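Please look over the structure shown below before reading the briefing that follows.

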Amino acid sequence: MGLIDRRMGIFLTGLFILTVAVPAGNLWMEGQPVPSYIVSLLGKYLCYALLAVALDLVWGFTGILSLGHGAFFALGGYAMGMHLMREIGDRGVYANPELPDFMVFLNYQELPWFWYGFDQFWFACLMVLLVPGALAFVFGWFAFRSRVTGVYLSIITQAMTYALMLAFFRNEMGFGGNNGLTDFKDVLGFDLQSDSTRAGLFVLSAIALAGGLLLARAITTSKLGQVLVCIRDAEDRTRFLGYRVEGYKLFVWVVSAMMAGVAGALYTPQVGIINPGEFSPANSIEIVIWVALGGRGTLVGAAIGAIIVAAAKTLLTGWFPEIWLFALGALFIFVTIFMPKGVLGVIEGALAKRPKPQPDGKEAEV
Amino acid sequence: MSIQLSLDGVNRSFDGFKAINDLSLTVEKGELRAIIGPNGAGKTTMMDIITGKTRPDEGEVLWNQTVDLTRTDEAGSARLGIGRKFQKPTVFETHTVEDNIALSLKDDRSVWATLFDRKTAEQEARISEVLELVKLDGDRARLAADLSHGQKQWLEIGMLLAQDPELLLVDEPAAGMTDAETMRTAELLRDIAGQHTVIVVEHDMEFVRALDCRVTVLHQGHVLAEGSLDHVSANEQVIEVYLGR
């Protein structure tokens, strides 16, 4: 039960090779075998993978099915987007050094108070963690204390992200309304359009994913991680053993929300826009599908599931845009019925059967 | 002997149905007590009240004559030293037998302490001791889900012992056990009593006889009779409740 077991080792090795090969192929190799758009696309997938790991922590291990994790992702993305907006400065269309373009357009006279501080990169980074973390804390405090569980909890997480979506669509909120935040120029002085910055963001996303995986693994292999599984399997038993279940749920919920926030913060500069659509309930449901497809409670599986579905989405929406949602639905049904342990479960099951047959047949049971 | 647990004038109703009706009961430290009663007599509700899962409408529930148990929650009562075994064996199925015991050991239950916890040699020894006591030392690496029904009952009793509670509330431990297992369970509970206070809720009269202890008969949320098994079996009212209908 070390920190890096076999599946984690294989995945991290693959991720490392990708982290070296992709920027190398884009920046230094003759004829640019890896086009620039692929770098950003893969970087986006890695952000999704981190988001999936965050959801797996609460769903796969603790049994909290969140249908609103996209909200934490989007809040992290907005926090970073606000910094990128401030960094545009007077290079915007209206050349206002203080106010972002959309505020000038909407006749704002001064910067709203909640935009203060976002001109500082460190402040934005802090908010990337604190805003999703604080929302998760307040939400979790009330929900877990009142012992809201199961499908009821899922519904209110869905309501949470829907409410945020409606709020962010409003121009009066001061977050750019339905256009969101876009037209970013650079980050810390590095041009966001340049290949080297994009490669840098890709590498950062890979590091964040590896870090997120290791953190999640450290949590789940600790005694606390065992208690989380206890809560998932027999919540009452856990309480009667003296564990305050709500405290444990709150801890993992907040950690997960912050992880999702980091994923969102890395997503925004690579995609070049963050808008209220990221809060849409459909997005959050898609995250659940990633985790289910990859393999619940495996961490690595969740990351793989996110990458597979995101890649399939890119290809299918390119070829047959109108069938994507049907394909996604069919995929979900197929996985739930035929692959309850997900892609990772199927692969590991196939691998376990092949090597020298165990005389006691223990492997076959898995 | 001092008093471990006392209930005084406790009432609790659900939608007008009086599950517990003016219930008063005293259990002394180190005592082994059997509680019997027909279905719906309020046995489980009584346990819920003692462990803080359900709050009584009125009445007093005192722990060691000082602590008010109506103000604690489940985790709080467990931390005071009340261990509870459910009627349906409830163990952590996806953990190994050994981990089930390890997670039940008396220890700091706070989130931070648990996050950075490391098993000590002393705890390892205690785990082995408990596993031997409940005769599961040969199964320690198996998943709890793979145990037989009787073994799960024993594992849950082992988890209770690992908690080292002052009071054990045991709900129908013999349900689903073979005769031999039932007798062994009775023996185990008799052994535990003395160092711990044990309250057993049970239907099986053979089992209650094997426990050889003071018996409380509950009926419609109220104590009907109390004394040795022979004494209460001779009670007219008890016969009527159990056999009369």
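**Where the two chains meet**

In this predicted model, the side chains of Arg237(A) and Glu156(B) meet in a salt bridge with an N to O distance of 2.2 Å, the term standing for a side-chain nitrogen of Lys or Arg within 4 Å of a carboxyl oxygen of Asp or Glu. Because the model is predicted, local features need pLDDT of at least 70 and side-chain atom pairs count only at pLDDT 80 or more, while totals for chains, interfaces and linings use all residues. Residues are numbered from 1 along each chain as its sequence is written, chains are lettered from A and ligands numbered from 1 in the order in which they are written, and side-chain values use heavy atoms, with hydrogens and water left out.

**The interface as a whole**

- Across the interface of chain B and chain A, the rule finds 5 salt bridges.
- The contact, meaning heavy atoms within 4.5 Å, takes 33 residues from chain B and 24 residues from chain A.
- Chain B and chain A bury about 2600 Å² between them, with 60% of it on carbon and sulfur atoms; buried area is the accessible area (1.4 Å probe) that two parts lose on being put together, summed over both.
- Of the area that chain B buries against chain A, 22% is supplied by Glu74(B), Phe92(B) and Leu103(B), more than by any other three residues.

**Helix pairs in chain A**

- Two packed helices are described by the angle between their axes and the distance between the axes.
- Helices (H or I, at least four residues) and strands (E, at least two) are DSSP runs, numbered from the N terminus; axes are lines fitted to C-alpha atoms, for helices over the stretch in contact, and angles run from 0 to 180 degrees between N-to-C directions.
- Helix H2 (residues 36–61) of chain A and helix H10 (residues 245–271) of chain A cross at roughly 170°, and their axes come within 8 Å. H2(A) is therefore roughly antiparallel to H10(A), a description used for angles over 145 degrees, whereas those under 35 count as roughly parallel, 65 to 115 as roughly perpendicular and the rest as oblique.
- The residues in the contact of H2(A) with H10(A) divide into 19 nonpolar, 4 polar and 1 charged, where Ala, Val, Leu, Ile, Met, Phe, Trp, Tyr, Cys and Pro count as nonpolar, Asp, Glu, Lys and Arg as charged, and the others, Gly among them, as polar.
- Helix H3 (residues 69–88) of chain A and helix H5 (residues 121–145) of chain A have axes that come within 9 Å and cross at roughly 155°, which means that H3(A) is roughly antiparallel to H5(A).
- The contact of H3(A) with H5(A) has 13 nonpolar residues, 2 polar and no charged.
- Helix H11 (residues 281–294) of chain A packs with helix H12 (residues 300–319) of chain A at an angle of about 120°, their axes being 7 Å apart, and H11(A) and H12(A) are therefore oblique to each other.

**Loop residues with positive phi**

- Asp183(A), in the loop between strand S1 (181–182) and strand S2 (186–187) of chain A, has a positive phi of about 65° although it is not a glycine.
- Asp212(B), found in the loop between helix H8 (205–211) and strand S9 (214–219) of chain B, is not a glycine either, yet has a positive phi of about 55°.
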